[in-house]
Amino acid sequence: MKRITFVEGWAVGPKLGAFESRDAATAAVPVTLPHDALRDLPRSADGTQGVHSGYIPGGVFEYTKSFDVPLHWREKSVRIEFEGVYRDATVYINGDFAAHKANGYAAFVVDADPFLRFGQSNTITVEARVHKDSRWYTGGGIYRPVHLVVADPVHIALDGTVATTTDIDDERAIVEIATRVENDTRHTATRRLTWTVLGEDGAEAASGTSPVTVLPGASSVARARLPLPTPRLWGPDAPHLYCVRSVLTELDGTVVDVDEMRFGIRRLQLDTTHGLRINGVPLNLRGACIHHDNGPLGAVSIADAEERRVRLLKAAGFNAIRSAHNPASRALLDACDVHGVIVMDELTDVWVKSKTSFDASIGFDERWQRDVAALVAKDVNHPSVVLYSIGNEILELATPHGATWSRRLAEEFRALDPTRFVTNGINGIIANLDRIGEAMAEPDASDPNTMMANMGEKMALMNASSLVTDSTEESAAVLDVVGFNYADSRYALDAQLFPHRVIVGSETFPDRIASLWADVRRFPHVIGDFTWTGWDYIGEAGIGRVDYTDGEDYEPTGTAGPYPYLLGACGDIDITGHRLPASFYREIAYGLRAEPAIAVHRPQHYGRPTAKTPWSWDDVVSSWTWSVPSGSPVTVDVYADADEVELRRDGAVLERTAVGKPLPLIARFETEYHPGALTAVAYTDGAEVARTSLRTAVGPVLVARAEQAEIATNGTLGYVVVTIEDAEGTTVCDADRLVTVEVSGGELAGIGSGRARTEESFAGPSCTTYDGRVLAIVRRTGPGEMRLTATAEGFDPAVALINAR
């Protein structure tokens with residue numbers, strides 16, 4: 001099988017009507033895939049997609065590409081594989097209709113043979129449509145990779161090899177391999193399949209062979225059970241991977257197809273006594289909900305970006321992600337396999353009742369089995385995938401017909417892959433919107449996020465009510481793990497009502513992690529917690545913002561951030577990959593960090609009244625460099641797992657106070673800002689356990705720092721952090737500047753900051769720093785050295801070099 005990367009040489013423009021012609025305004029522009037057609041569109045307060053997309057409009061887009069088809073491909077099977085096109089993709093080859101795929105997150109394959117002109121140039125056209133079809137920013141267009149697949153007419157099917165290991169002990173593991181072979185000829189074909197299992201060092205660990213006969217126009221599955229001695233298991237702390245190399249040959253030994261895929265050997269167990277165990281070791285899931293966009297790159301899935309995100313999430317203390325609320329990309333799963341991160345992969349945000357005007361509920365009743373099959377085919381060999389989620393906050397879930405859909409979907413997943421657990425993100429309040437007004441006297445349930453934000457303590461009471469208990473029981477009963485969104489009030493209750501129910505906090509408020517994690521540790525039937533969110537994202541604009549209510553432009557808008565809010569503003573990590581104070585608080589709550597963390601409330605806003613949402617964190621920065629006058633009042637929080645914290649300035653003790661207010665693990669101080677060093681010392685039982693310090697920057701300069709000195713041979717992207725900092729690396733957070741970057745030896749793929757409210761474009765080449773930072777992402781265009789030069793008023797230029805091998 002010849003798999004050709006099919007990402008270069010594309011052009012994209014707005015889709016025109018049949019009798020329209022292009023002009024300068026609608027001209028197609030060259031692009032490299034993956035590509036997000038929405039990212040650079042002009043935003044406006046009256047944009048059709050509104051706050052959901054960060055005020056980025058939708059549209060209809062047309063991608064085209066010309067490619068040569070050699071004459072000898074006439075004897076081959078030629079297919080084009082799309083990992084994802086958002087949305088309602090329609091594919092034409094040489095002007096003829098070839099395929100349609102409504103689901104924007106499911107991979108699909110186009111059989112190109114009937115449409116190709118051999119020995120000539122051919123044209124492929126892909127249309128994509130985005131319009132009021134999601135509650136978050138989806139991006140648009142061919143946003144995941146594309147492959148041209150050229151194979152012998154008798155070949156191994158795409159995603160055709162599955163390796164399963166359910167029989168494992170210290171001495172050996174039995175690797176059950178099943179490979180599907182397809183025959184596109186008019187004659188019965190007999191071939192031989194040979195499998196070789198390779199370890200991470202490339203050495204052979206097991207092998208087997210079998211003949212396989214395939215009838216014309218049909219497929220056959222060949223199987224082998226291979227004992228693999230002394231298996232190295234995949235787990236969060238040691239994610240060992242194996243590779244299956246499948247070779248299809250003629251009976252005379254001539255090789256006709258080769259396929260390779262990675263898998264891991266691991267044992268899963270689940271019960272209410274030990275919770276989730278992997279390889280016999282209990283594991284509490286320190287989970288991050290994440291949307292699929294990659295910040296300044298838009299919604300594209302590029303392997304380097306997905307790997308970086310997973311790596312940084314794990315470094316921040318997370319060991320699990322929930323793909324909210326759509327199937328994860330292959331590249332993201334590959335990264336989770338490598339880094340030992342557990343995945344809850346989610347099918348959809350809707351079933352047959354819509355949440356937005358043109359969402360995926362349209363046609364779900366007809367295509368749901370294909371959607372499930374596509375997700376399982378993508379996931380089945382990834383050891384990181386432990387949970388399949390059949391949905392999120394499904395509107396019809398609390399009805400008898402909704403329970404029928406719950407059972408139907410759960411059983412379909414089990415039929416296709418019985419080795420993993422099935423869950424669902426249940427929100428008992430959302431599922432009972434039609435009854436909640438009567439039960440809670442809530443005047444308006446039209447905006448569920450705002451409604452939940454306004455419920456306060458009523459929310460816990462409602463989630464623990466008999467209404468929610470009774471109405472969701474059947475839908476919960478079909479699951480292996482019951483996912484509860486914002487319903488930790490059910491944890492203790494369900495241990496009594498449903499003693500065999502295993503629960504995961506599938507979506508929770510970020511500022512409650514200390515008590516939530518205490519529950520995970522306390523209740524063995526609760527296997528983890530997934531915060532909203534681990535990584536900030538485009539869309540659901542301003543859901544986690546902090547408003548200063550005495551500002552002239554302030555107007556209460558619930559959880560919907562007014563224009564020009566672009567980002568959700570609720571991630572532990574911002575869209576550039578920078579850890580925010582909430583991230584360090586969470587790490588302490590998890591018990592992974594002994595060192596305290598200092599979070600300073602911006603002194604220029606001291607004393608001002610604020611409005612927050614349940615998804616907000618305080619407006620704090622880990623900085624002691626401020627442009628306010630010396631002696632200005634300032635509030636300082638210290639996060640610590642300790643009894644007391646002592647605050648010192650330049651070595652002098654200011655105050656010692658108990659930990660626990662305003663939240664667990666926080667000690668709050670009212671003090672004054674004076675340049676110098678601010679130190680927090682944590683004490684338990686009167687003895688110092690740890691300390692940390694912040695210092696004031698002196699003589700800041702502009703710095704451009706490449707995260708990696710070179711891009712690997714198969715890599716694409718380089719990341720450059722541009723900061724305003726001094727010689728010791730202390731960042732100046734409140735003297736932001738407009739930074740302009742210039743790239744040679746490559747191209748700028750995106751530039752952005754963590755600023756949630758902005759009108760700046762990710763296309764660049766300029767971006768204003770936020771808390772002293774900007775992230776520039778460069779794309780290789782060939783081998784050699786890439787040079788990024790950053791300039792800002794008042795500073796000497798800064799240069800970063802990246803070698804593209």
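**Reading the model**

Modeller: Start with a strand: L717 has R779 of β45 as its bridge partner. This is a predicted model in which local features need pLDDT of at least 70 and side-chain atom pairs count only at pLDDT 80 or more, while totals for chains, interfaces and linings use all residues. Residues are numbered from 1 along each chain as its sequence is written, and side-chain values use heavy atoms, leaving out hydrogens and water.

Colleague: Which strands pair with β45, and in what sense?

Modeller: Pairing means that DSSP finds at least two bridges between two strands. Strands (E, at least two residues) and helices (H or I, at least four) are DSSP runs, numbered from the N terminus. Here β41 (residues 717–725) runs antiparallel to β45 over 7 bridges. β43 (residues 746–752) also pairs with β45 in the antiparallel sense, over 6 bridges, and I751 has A776 as its bridge partner there.

Colleague: Why is β45 said to be largely enclosed by the rest of the structure?

Modeller: In a regular strand, side chains alternate between the two faces of the sheet. Buried means under 20% relative accessible area, exposed over 50%, and partly exposed in between (1.4 Å probe, protein chains only). In β45 (residues 773–780), 8 of the 8 residues are buried, so the strand is largely enclosed. One side carries R773, L775, I777 and R779, the other V774, A776, V778 and R780, and all of these are buried.

Colleague: How do I read a helix? What covers the buried residues of α1?

Modeller: An α-helix has 3.6 residues a turn, so residues three or four places apart point the same way. In α1 the buried residues are A305, E306, R308, R309, V310, L312 and L313. Their cover includes β21 (285–290), β22 (320–323), α2 (330–339), β41 and our strand β45. Just after α1, G317 takes a positive phi of about 110 degrees.

Colleague: And the nonpolar core? Which residues have the most contacts inside the largest one?

Modeller: In soluble globular proteins, nonpolar side chains tend to be buried together. A nonpolar core here is a set of buried Ala, Val, Leu, Ile, Met, Phe, Trp, Tyr and Cys residues joined through side-chain atoms within 4.5 Å. The largest has 65 residues, and L313, I321, L409, F413, Y585 and Y639 have the most contacts inside it. Apart from it lies another core of 52 residues, including L38, V69, A89 and V150.

Colleague: What about a charged residue, E127: why does it count as buried?

Modeller: E127 counts as buried because its relative accessibility is 4%. It lies in strand β9 (residues 120–130). Polar contacts are pairs of N or O atoms within 3.5 Å; within protein, one must be able to donate a hydrogen and the other to accept it, and residues adjacent in sequence count only if both atoms are side-chain atoms. The E127 side chain makes one with the side chain of K15 at 2.9 Å and another with that of R129 at 2.6 Å.

Colleague: Which element has the lowest mean pLDDT?

Modeller: pLDDT is the predictor's confidence in each residue, from 0 to 100. The chain averages 96, and 99% of its residues reach 70 or more. Among its elements, α5 has the lowest mean, 71, while β23 (residues 342–346) has the highest, 99. Where pLDDT is low, the predicted coordinates should not be read in detail. L433 is found in α5 (residues 433–440).

Methods. Contact means heavy atoms within 4.5 Å.
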